[in-house]
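Please look over the sequence and the structure shown below. The briefing that follows is arranged by topic.

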Amino acid sequence: MDRASAGLFGEVRKTLTGLWSLVVGLGVTGNQFYRRAVTVHYPRQTVDNLSTFRGPIELIPSAKDPMKPDCILCGMCEQSCPSGCIEVKSHFEEEPDAEEPKAQTPAGAASDPEKKAPPKKKKKTKVIDSFDLNFNLCSLCGLCVQSCPGSGLRFSHEAYLAGYSRSDFEFDLLARMRAKASGPGSAGSDSKR
Amino acid sequence: MNVLGIHIAIELIQIVVAVVVFLAFIGVNVLILVLMERKVAGRFQRRPGPFEVGPHGSLQTLADAVKMMAKELHTPGGADKILFWAAPIITFAPVVVCFMPVPFGPKYLTGWEMNLGVVLILAFSGLGVFGICLAGWSSNNKYSLIGAARAVAQSVAYEIPLLLSVLAVAFQVGSLNLSVITAGQGSWPWQWNVVVQPLSFFIFFVSTLGETNRAPFDLPEAESELTAGFHTEYSGMGFGVFFMAEYAAMVVVCSVGTILFLGGWNGPLVNGPWWFLAKVYGLLFVMMWLRWTFPRVRFDQLLNINWKWLTPLALLNLLVVALMVKLV
């Protein structure tokens, strides 16, 4: 009942301060009116502050060979994906690197080839065939990136995705990674036009 | 007899020509104003506004108009068909008449010179709410009906301080003829009525915001509460005509404000219609500025502002003006 005690004089004072606040408000918007626009004209201009943007996932190329992914093909991402949009295909290949010790042995000790070869069973390595992402289904939850035990997956910074059909968003991540590695500039050059 | 007949014929032709010219004037001004509104809104929010159609988006409203004309005119089920389609016309037609007594320039640029110009404008701008009321009633839609009820309550309330503030100027000038009121003011800003009666101008301007349903008093079409208010059910040009009427009404009230308080076509250096248009657009810009600054008021606040503040203030103002006129 503050208002009742204030009486007419208080009401008038309240109204006048209220009116002044309206003038202040006009000043605030009026100030913005003369400033430069902060938005960009999208198709002609794009922004480059996308380092925290979570776009479709991408494979991280290995440090030694940028054509090869760091992925260890454990399949955790495929399992953890709630939308089932990741499909990793791989096969076992017999000792692609077993050649090297063999090549060394004849030079070092030619006398004991039978001693070393039998215990060293033929090593099987997983080799990647394809790593497909159906981005139409992806909800960008990030469980795949979180569950990746190595450093095989990350979010890309590609904000400017547009296509004419659903098939435009069925990504072959292996091919995309290789295209990025061989393309102009380094990773992320796609988004910084 | 023959002379009288010729005289009447000339006057009729003059009126018809004036109406056609004003229709074109309204059309052009609505196109400009809608673009201006969107550009100004963009500037206040630090974005470019429409930009893609034409250079800097200048043809955007034309494209919108074409789209609107190409759309289907749909009558909702259960609506009163005759009233429903009469309503936009009843809203729009009086606005055209309101332009008739407006003196755009020193000579010949008045549609119809008349002694009761102010009264005609106030009467016909009051008729606009009738169309809104019919639109809300005949739509058979609760949002439309609430919007119409709000429009009526608001217009009735805000017409009183509007009339009282106009009356204060009429007391001072001693005429209701808009040309005479304009001629009574000088070229320079300190010779305008706004210097003599700033409070009248303030009351007039706030009341016109309520009268034309502009934000922050746009309760009849409050989109967050009533979808689109009284024109919820209108599609295509049905909505387009309401839209045109709204913007044309803004031009009318800003013209009246310019004539009554800002010296009309009087201006520094060379008097002429350019000063008139510049002042009208200045007032329109302020209206847009207010719209993009203040949030919409609540309905009880809207009526409180009017009945508790504007109407008593306008009465007091009128009393003081009447005293001054008698004494000076």
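Along its sequence, chain B follows the pattern α-α-α-α-α-α-α-α-α-α-α-α, and its secondary structure comes to twelve helices and zero strands, where helices (H or I, at least four residues) and strands (E, at least two) are DSSP runs numbered from the N terminus. This is a predicted model, in which local features need pLDDT of at least 70 and side-chain atom pairs count only at pLDDT 80 or more, while totals for chains, interfaces and linings use all residues. Residues are numbered from 1 along each chain as its sequence is written, and chains are lettered from A and ligands numbered from 1 in the order in which they are written.

**Overall form of chain B**

- The radius of gyration of chain B is 20 Å, which agrees with the value near 20 Å that a compact globule of 328 residues would have; the radius is taken over C-alpha atoms, and the globule rule is 2.2 Å times the number of residues to the power 0.38.
- Taken along the principal axes, the box filled by the C-alpha atoms of chain B is roughly 60 × 55 × 45 Å.
- Of the 328 residues in chain B, 44% are buried, a residue being buried if 20 or more other C-beta atoms (placed from the backbone) lie within 10 Å of its own, exposed if 12 or fewer do, and partly exposed in between.
- Of the contacts in chain B between residues at least 6 apart in sequence, 77% join residues at least 24 apart, with contact meaning that the C-beta atoms, placed from the backbone, lie within 7 Å.

**Helix packing in chain B**

- Helix 8 (residues 198–211) of chain B packs against helix 12 (residues 299–327) of chain B at an angle of about 145°, and their axes are 10 Å apart; axes are lines fitted to C-alpha atoms, for helices over the stretch in contact, and angles run from 0 to 180 degrees between N-to-C directions.
- The residues of this contact include Leu199(B), Ile203(B) and Val206(B) from helix 8 of chain B, and Leu310(B), Leu313(B) and Ala314(B) from helix 12 of chain B.
- The residues of the contact between helix 8 and helix 12 of chain B divide into six nonpolar, five polar and no charged, where Ala, Val, Leu, Ile, Met, Phe, Trp, Tyr, Cys and Pro count as nonpolar, Asp, Glu, Lys and Arg as charged, and the others, Gly among them, as polar.

**Loop residues with positive phi**

- Most residues other than glycine have a negative phi.
- His56(B), in the loop between helix 1 (2–44) and helix 2 (60–70) of chain B, has a positive phi near 55°, and with 14 C-beta neighbours inside 10 Å it counts as partly exposed.
- Asn140(B), in the loop between helix 4 (117–138) and helix 5 (142–173) of chain B, has a positive phi near 60° and is partly exposed, with 16 other C-beta atoms within 10 Å.

**The sheet of chain A**

- Three strands of chain A form an open antiparallel sheet in the order 2-3-5, two strands being paired if DSSP finds at least two bridges between them.
- Strand 2 and strand 5 of chain A stand at the edges with a single partner strand each, so one side of each is left without a neighbour in the sheet.
- Strand 2 (residues 86–94) and strand 3 (residues 124–134) of chain A are joined by nine bridges, and Lys89(A) stands opposite Ser130(A).
- Three bridges join strand 3 to strand 5 (residues 170–172) of chain A, where Leu133(A) stands opposite Phe171(A).

**Where the chains meet**

- Eleven residues of chain B are in contact with 13 residues of chain A, and the residues on the chain B side divide into seven nonpolar, one polar and three charged.

Note on methods: Contact = placed C-beta atoms within 7 Å.
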